[in-house]
Amino acid sequence: MAASFRKRLNAWRRSTAFVPYAEAGAFGRELELWLAQIERELLPKDPAAALELAEAFIQSDGLFLERTDDSNGAIGAALGAGCVLWLKAAARCEAPPDQWPDRLLRLARDDGYGAREDLLLHANLLLDEAAMRQLVARFEVELRGVLAAARDRQDSRLPVEVFTVSEPLTLLSRALRDPDVQVRAVQMYSPEPNPLQKAEFARAYLDCGRAEVALDWLQGSWGPHEGERQSLLAQSLERLGRLGEAASIRRQIFKRSLSVTDLHHWLEDLAVPEQPAAVAQARKLALEHPDPADAALLLLDIREDAAAEAALVSGVQRLDGGAYYTLPELARTLEERSLMKGATAVYRALLTDLLARAHAKAYPYGAQYWMRLAAIAAAQPDLWPLEPHATFVETVRAAHARKARFWQCVKEAEMRGAGDE
């Protein structure tokens, strides 16, 4: 069984074929399936063989990453799973416990691609607390040495080695669920932590259920990062049961962002009798908001459908068609609720922006918008106060007649539609 698994690994290692972005996800899933099979089939029978395979897999990280476009992180995730398998296999091997810390460190330090963090992040799968504390002590001694050497050189800049040593301490602090380790490490080279460091501390303490300590790091203003401080402050107060104070902060956050998520956070901190007044205030702010898409998203969430459609129709000239992360989903929601004028305004904004930018790769999406606009117009010809569909079509054809690729996509979409019928 082990030989069969090794044969597959060697085939991957020998391959020189480049894996493009479009195929990287499937390759990552293939690697993770291989690891899962080892854990399920081989590990219970022969932990040492599983450990050997996991270690060979981890040491192949460069071969995998250098021939793959891993922009989506699929290969990195598989390598992380390999690290976890190594820890589980090592824990089941019959070997002196004192050999594992050094062996683990050797494998973790030989990380040229930043793909082996899980070895320390999940070190608790193999090492007991005492062994992890000993590793922490070793890294702290090393960090002090690096800083002392920099002072001796009278170098005001922090050497790269500082971060090379402090990062393992952060990972071990998470494995131990002890943020104090991370705080000590950072304060060795940054006695007055900046807002980003304070935010990391607060999140770490919240993750460990120590909201009262997180609160200590959230005092005073953080300047440009004040929004993040207030969000973490509200979370800390919520964990401590101080909902009235949290609700006051959540209200201010919502008034700045007018996002649906922030509205929900605010409502969750309010008593039920107070929620209708908050929703009414949200409606008022949405109606005054200059961005019709953001206003519509909020109004739809509080079931003010007619007001949402009115905001889009009246503000059609202000719609940002480049907001393709949110507008397509907004258009689909509007269609589902039979708000066809609002959907038309959104689809037109998307299509107009796409064609104006001549974004050829997105033309298939533009063809979909074109088809949806035609379908809506066929079902609801009266789109007033929006211009008639025929007028919009004529304008688009006149302005973009030379974009042959787009019109080819439209033709293909129309043929698919006719075939479906």
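Me: Is Glu 140 buried or exposed in this model?

Reply: Good place to start! This is a predicted model, and in it Glu 140 has a relative accessible area of 9%. Buried means under 20%, so Glu 140 counts as buried.

Me: Which residue forms a salt bridge with Glu 140?

Reply: First, the general idea: side chains of opposite charge can pair when their charged atoms come close. Here the partner is Arg 184, with 3.0 Å between the closest N and O atoms. Arg 184 sits in helix H10 (residues 179-189) and Glu 140 in helix H8 (residues 129-152), so the pair links distant parts of the chain, 44 residues apart.

Me: How many salt bridges does the structure hold?

Reply: There are 23 salt bridges. One of them joins the side chains of Arg 103 and Glu 55, at 3.2 Å from N to O. This pair also links distant parts of the chain: Arg 103 belongs to helix H6 (residues 100-109), Glu 55 to helix H3 (residues 47-58), and 48 residues separate them.

Me: What is the relative accessibility of Arg 103, and what is that of Glu 55?

Reply: Arg 103 has 25% and counts as partly exposed, whereas Glu 55 has 17% and counts as buried.

Me: What distance separates the closest N and O atoms of Asp 353 and Arg 357?

Reply: In that salt bridge the distance is 2.7 Å. Arg 357 is partly exposed, with a relative accessible area of 41%.

Me: Which residues do salt bridges with shared partners join into one network?

Reply: Look for Glu 129, Arg 133 and Asp 178, which are joined in that way.

How values were computed:
Residues are numbered from 1 along each chain as its sequence is written. This is a predicted model: local features need pLDDT of at least 70, side-chain atom pairs count only at pLDDT 80 or more; totals for chains, interfaces and linings use all residues. Side-chain values use heavy atoms; hydrogens and water are left out. A salt bridge is a side-chain nitrogen of Lys or Arg within 4 Å of a carboxyl oxygen of Asp or Glu. Helices (H or I, at least four residues) and strands (E, at least two) are DSSP runs, numbered from the N terminus. Buried means under 20% relative accessible area, exposed over 50%, partly exposed in between (1.4 Å probe, protein chains only).
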